[in-house]
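Please look through the structure shown below, which the following paragraphs take up one part at a time.

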Amino acid sequence: MFNITTSHDLVKFTSHPYLTSFASFTSYPNLTSIASFLCLILLLILSNIIKRNKSCKVFLVDFACYKPPTAQICNSEMFLDRVRSCEKFSEASLVFMQTILEKAGLGQSTYTPEAFLRKPMNPCLEDSRREAEMVMFGAVDELLAKSGVEGKDIGIVIVNCSIFNVVPSLCAMIVNRYKLGEDTVSYNLSGMGCSAGLIAIGLAKQLLQVRHNSYALVVSTENITQNCYFGNDRSKLLSNCIFRIGGAVMLLTNRPSVSKVAKYQLIHTVHNNTTISDRSYNCVFYEEDHRGQAGVTITKDLMVVASKTIEANVITLGRLVLPIREQILYVTNYIIKRFVLRKVDPYVPNFKKAFDHIITHVGGKPVLDEVKRKLDLTKSDMEASTMTLYRFGNTSSSSVWYGLAYAEAKGKIKRGDRAWQIAFGAGFKCSSVIWRAIKTVDREKNNPWSDEIDGFPVDVDLDISCSIPYHFEPSEKI
């Protein structure tokens, strides 16, 4: 269980700096005794033995990511030309957006809504509705064709989209379009940011515990037409520069008979939030500027809040997936730091011992760099997420599915592999979902990367630590 097979390994493990530091812990009579530490180790071992519960298994039959037509490709030059033509931005704002586009990690083949390609840009409600229909219906059509599942078999529909909310709902659009049954339960998640897609997976998992022999259709998207900001507040202009069209649809089931044809089994879902904190609550906020133009404000607290929320999620996840040895080293490090027994750096557990693939929400280049640093990952570990940002931009809650599709297209998903998807967003929230590959996934024709995967990865390294002009408004609401 400790992954120690020889006396040499045992000596090596027990001589770890954290454990030798802990030896001095017992010389402090006013502190917790070593018995407490041994009890903690015992609890870790027991929790790993009994952590499997009796909930019914949930499988991911398949998923599909929407790939817009080439006519909607918009490079930086074209984007700046369109925003200039609408005559709603100052010259300083145009220069700011140009700098962001140059250094945010996006390539020159991302997709924008049809309304943004017109001159002048003047999007309306009908444009937003058309984008939603194109993305959702395009992805659902592809998924149903791939899986062979009929609409009448779907008992649960969950749609998440933060900004765009209409009557009837986006869920109703799906139910009406595919003529789903009258007993279909549907949920529309709004305002939950980029983590909403994995939150929706967690909700589907819970619903499948009580609706037996059923399929759940989860649709994750964001509406870029509705999300565009036409003003000069720099903290709101950031969204214009990094968000692009995208969406993903996932088909889950609890039918045991489908387990042999499904791609993945759902192993764990971990969700947490720090919303009780005003800093967290206000760091990503949809509001109007002083001229009445609505947009998403990103405050200076974002990176700090995101880091703390991700750390809390990872700690919870670690107790479920990390080898016992890694858990013991982490706990020992925490005790040493907590009681100031020795000056040590925080111990970052090696999650690569628990997962074969790590797919993170793309956010932007600074966000990916922070996740890479926080989890002590390599450039190779971040490849799927970095390439997703480069090729498709920030597609919000669906970005982790473009990342998984990249791994599949590269032929990296082998039977038994474990994939970790982690996303975070407004609120502030963080979600992790763990999948186990039931079979080796070969390159598929309908994968959004298939016709160009041989051209990746590309070198997108940027030294942006000091130069990128990300402007964050102070959190005045605190």
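How many disulfides does a search of the whole structure find? The search, made on a predicted model, finds 0 disulfides. A disulfide is a covalent bond between the sulfur atoms of two cysteines.

The overall make-up of the chain can be set out next. The protein chain holds 16 helices and 11 strands, and of its 478 residues 55% count as buried. Among the contacts in the protein chain with a separation of 6 or more, 80% are accounted for by residues 24 or more positions apart.

The strands can now be followed across their sheet. An open sheet is formed by 9 strands, which run in the order E3-E2-E4-E5-E1-E6-E11-E10-E9 with mixed pairing. At the edges of this sheet lie strand E3 (185-189) and strand E9 (357-360), each of which pairs on one side only. From one strand to the next, the twist averages 20°. The partner of E9 is strand E10 (residues 418-425), and the two pair in the parallel sense over 4 bridges; within this pairing, Ile358 has Trp420 in E10 as its bridge partner.

Among the helices, H16 (residues 399-409) is mostly covered, with 11 of its 11 residues buried. The buried residues of H16 include Trp401, Tyr402, Leu404 and Tyr406, and Glu408 is also one of the buried residues. Just after H16 comes Gly411, which takes a positive phi of about 75°.

Two packed helices are described by the angle between their axes and the distance between the axes. Helix H4 (residues 76-85) packs with helix H5 (residues 91-103) at an angle of about 160°, and their axes are 11 Å apart. Why are H4 and H5 described as roughly antiparallel to each other? The description applies because angles over 145 degrees count as roughly antiparallel, and H4 and H5 pack at about 160°, so the two helices are roughly antiparallel to each other. The crossing in which H4 passes H5 is right-handed. Where the two helices meet, H4 contributes Ser76, Phe79, Leu80, Val83 and Arg84, while H5 contributes Glu91, Leu94, Met97, Gln98 and Leu101.

Definitions and conventions. Residues are numbered from 1 along each chain as its sequence is written. This is a predicted model: local features need pLDDT of at least 70, side-chain atom pairs count only at pLDDT 80 or more; totals for chains, interfaces and linings use all residues. Side-chain values use heavy atoms; hydrogens and water are left out. A disulfide is a pair of cysteine sulfur atoms within 2.5 Å. Two strands pair if DSSP finds at least two bridges between them. Axes are lines fitted to C-alpha atoms, for helices over the stretch in contact, and angles run from 0 to 180 degrees between N-to-C directions. Buried means under 20% relative accessible area, exposed over 50%, partly exposed in between (1.4 Å probe, protein chains only). Angles under 35 degrees count as roughly parallel, over 145 as roughly antiparallel, 65 to 115 as roughly perpendicular and the rest as oblique. A crossing is left-handed if the near helix is turned anticlockwise from the far one by less than a right angle, and right-handed if clockwise. Contact means heavy atoms within 4.5 Å.
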